[in-house]
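Colleague: I have this chain open and would like to talk it through with you. Could you show me the model before we start?
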Amino acid sequence: MSPSTASILILDDDDDVACAAQLLLRRRHARVATLDDPRELDAVLGEGVPDVVLLDFNFAPGRIDGAEGLAVLDRLRALPRPPGVIALTAYADVPLAVEALKRGALDFITKPWDNDRLVAAVDSAVARRNASAPAHGAAGASPLMGESGPMRELKALIAAVAPTEANVMVLGENGVGKELVARAIHAASGRAAGTFLAVDMGALPETTFESELFGHRKGSFTDARADRPGRFQAARGGTLFLDEIGNMPLGAQAKLLTALERREVTPLGADRAESIDVRVVSATNLEEARLFDPAVFRPDLLFRLNTIVLRVPPLRERADDIPQLLHHYLSLYESQYGRPVRELAPSAQEQLCAWPWPGNVRALRHACERAAILAAGPDYRFEDFGLAATTSTPVPAPAAETPQEDFRLGALERETIAAALDKAKGNISLAARMLGLSRAALYRKLGKHGF
Ligand SMILES: Nc1ncnc2c1ncn2[C@@H]1O[C@H](COP(=O)(O)OP(=O)(O)OP(=O)(O)O)[C@@H](O)[C@H]1O
């Protein structure tokens, strides 16, 4: 795999730590720089904002309160297009990790780290950045747009369920806005002042599942060199968004079920359980027929998670929302890239409204970014959106599954992925963008199709 072109900055005053992380990450990312003094940050930012910053929280000798790191985090988050920040701390300190997440960090890693975990956290931050997701702190989330009938119904349901503590399951295709819905529920709930923490359940290796979600105590396994809080503890008082829940192995499902039933978790190596105080919102793009298949998903876990089910309709079923989304994202990228303000030619708008958008709003957003950067004429034309090249075969709406259709769709999907990889010259991030998928979702599909 060729390294990604993402730029990563490691901000840590311990040279050994910074070099170790740099060596590790350079295998996957071409541009990995280190910086040992936050006072030099402005000079670095002057040359370009990195995609991801790994941020230590204590620089002056003897400091362990993390105040320096939090100040840098605030500074980074105030940038017009902030980088994804992963907090690094030698002190496995739940309040500090929670504070960092509240202030917009995407994730936190305790030192000494587990290499796979660090790589996965950085990959995930790069993928989010590539997906041009809005800044992921509560402060930066973009509003859920759309005034079509289905979207108005969805917003009314969100308003009704948000103030309750009910577990909500959000269903919908890739890129349709499930995470935005989860954020909207959190923002309108009594937990809005708490943390919103998203966990990609499909990307958690089964071997580290418990330690990631429930935490561990120092010495509980070979690499457990310090206590570490899990995601359930980090989201205490807030909302835990369990994304891609349909991709969890059955063994992991059993562990999650036990935690939700007992409303407590036991960190690995601990002798006492800790009560949990999180509202759980989950999401999956699995078709409902698959979700209700006990061989895929435990019915008892489903029952725990889906007290309320919200279905986010695909964009092709709410074409009335397309003009608003186009105008929003075109002007966002015009101002972000300092590009001239252009009108959308009426014929282009018509074609874009008729487009099936297999990658949904995420794909629309990427298409707008492309158009804002590349358009050269007096107004936007359909060709500026690069759609014909990325999806020449519109994906049909999901129909009742038969083995025959399954096979045809599978073949179509494989071909489409192969074409995107070819066009992106093997660059996974770029291919994922073309396909309107998250990087993690593309990886899973690569595995599924045996690439
Ligand atoms: N209704 C909407 N209004 C504005 N932006 C939206 C809307 N829906 C989705 N988006 C944008 O589209 C992108 C994808 O949204 P999101 O990550 O919420 O989708 P998802 O369904 O969770 O995706 P996946 O299935 O890949 O996890 C984000 O950049 C988001 O801001």
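Colleague: What share of the residues count as buried?
Modeller: Of the 451 residues of the chain, 43% count as buried, where buried stands for 20 or more other C-beta atoms within 10 Å of a residue's own, exposed for 12 or fewer and partly exposed for anything in between, with C-beta atoms placed from the backbone. Please keep in mind that this is a predicted model, in which local features need pLDDT of at least 70 and side-chain atom pairs count only at pLDDT 80 or more, while totals for chains, interfaces and linings use all residues. Residues are numbered from 1 along each chain as its sequence is written.

Colleague: Which residues touch the most other members of the largest nonpolar core?
Modeller: Those are Leu 55, Ile 86, Ala 87 and Val 170, in a core of 112 residues. A nonpolar core here is a set of buried Ala, Val, Leu, Ile, Met, Phe, Trp, Tyr and Cys residues joined through C-beta atoms within 7 Å. Not counting residues up to four places away in sequence, Leu 55 touches Leu 11, Gly 69, Val 72, Leu 73, Val 85, Ile 86, Ala 87 and Leu 88.

Colleague: Then there is Asp 56; what does the UniProt annotation say about it?
Modeller: The unreviewed UniProt entry annotates Asp 56 as "modified residue: 4-aspartylphosphate"; UniProt positions are given in the numbering used here, feature names are shortened, and annotations may be inferred rather than shown by experiment. In the model, Asp 56 lies in strand E3, residues 52–56.

Colleague: Is Asp 56 buried or exposed, and what is it in contact with?
Modeller: Asp 56 counts as buried because 24 other C-beta atoms lie within 10 Å. Leaving aside neighbours within four places in sequence, Asp 56 is in contact with Leu 11, Asp 12, Asp 13, Gly 69 and Leu 88.

Colleague: Switching to helix H7, how many of its residues are buried?
Modeller: Eight of the ten residues of H7 (residues 178–187) are buried, so the helix is mostly covered. The buried ones are Lys 178, Glu 179, Val 181, Ala 182, Arg 183, Ala 184, Ile 185 and His 186.

Colleague: What covers them?
Modeller: The cover includes helix H6 (149–161) and strands E6 (168–171), E7 (196–200), E10 (239–243), E13 (279–284) and E14 (308–311). Within E7 sits Phe 196, which is buried because it has 26 C-beta neighbours inside 10 Å.

Colleague: And Leu 101, where does that lie?
Modeller: Leu 101 lies in helix H4, residues 94–102, and is buried, with 25 other C-beta atoms within 10 Å. Its C-alpha atom is separated by 7.6 Å from that of Leu 197, 96 residues apart along the chain. Leaving aside neighbours within four places in sequence, Leu 101 is in contact with Phe 108, Thr 195, Leu 197 and Ala 234.

Colleague: Where does Ala 363 lie?
Modeller: Ala 363 lies in helix H15, residues 360–374, and is buried, with 24 other C-beta atoms within 10 Å. Not counting residues up to four places away in sequence, Ala 363 touches Gly 175, Trp 357 and Gly 436. The C-alpha atoms of Ala 363 and Arg 433, 70 residues apart along the chain, are separated by 7.4 Å.

Colleague: Last topic, the backbone: what is phi of Glu 244, and of Arg 263?
Modeller: Phi of Glu 244 is near 55°, a positive value in a residue other than glycine, and phi of Arg 263 is likewise near 55°. Most residues other than glycine have a negative phi.

Colleague: Which of them is buried, and which exposed?
Modeller: Glu 244, in the loop between E10 and helix H10 (250–262), is buried, with 24 other C-beta atoms within 10 Å. Arg 263, in the loop between H10 and strand E11 (264–265), is exposed, with 11 other C-beta atoms within 10 Å.

Key: Helix = DSSP H or I, 4+ residues; strand = E, 2+ residues; numbered from the N terminus. Contact = placed C-beta atoms within 7 Å.
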